[in-house]
Amino acid sequence: MKARGLLALTTAAMLVTACGTTMTERAATGGLAGAAIGAAVDSSVAGALIGGAAGATLGAVTTKRSDNVNRRQYYDERAGRYYYYDSSNGRYYWEDGSRR
């Protein structure tokens, strides 16, 4: 029965880790969902911790790394910094990744 619960936990965590566009968002949603599912399956704090760690790891690992490969940077003369436009979410970001 434990193996069946662990399989359900893993499957559910993998499905939920797809929420978010950045590595941080995906790790956070995966961790929260994994913790909730782990606590539901195992009914203990250990189950929640294991599920949260598994969900956060899966969320971070499944983030696409190629999002920043073909981005065009622009220069803001007033700020003296470069920025880019992320077409996947319609937002502008500074070169360091913070929102513009």
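**View 1. Residue G30 is buried, with a relative accessibility of 0%.** Buried here denotes under 20% relative accessible area, exposed over 50%, and partly exposed in between, with a 1.4 Å probe and protein chains only. G30 belongs to helix α2, residues 23–42; helices (H or I, at least four residues) and strands (E, at least two) are DSSP runs, numbered from the N terminus. From C-alpha to C-alpha, G30 and A60 are 8.2 Å apart in space and 30 residues apart in sequence. The model is predicted: local features need pLDDT of at least 70 and side-chain atom pairs pLDDT 80 or more, whereas totals for chains, interfaces and linings use all residues. Residues are numbered from 1 along each chain as its sequence is written, and side-chain values use heavy atoms, leaving out hydrogens and water.

**View 2. Strands β1 and β2 form a hairpin with 4 residues between them.** The two strands run antiparallel and are joined by 4 bridges; strands pair if DSSP finds at least two bridges between them. Strand β2 comprises residues 81–86. Q73 stands opposite Y84 of β2, and G80 in the turn has a positive phi of about 70°.

**View 3. Strands β2 and β3 form a hairpin, also with 4 residues between them.** Strand β3, residues 91–94, pairs with β2 in the antiparallel sense over 4 bridges. Y83 has W94 in β3 as its bridge partner. In the turn, G90 has a positive phi of about 70°.

**View 4. Residue Y74 lies in strand β1, residues 73–76.** Y74 has a relative accessible area of 33% and is therefore partly exposed.
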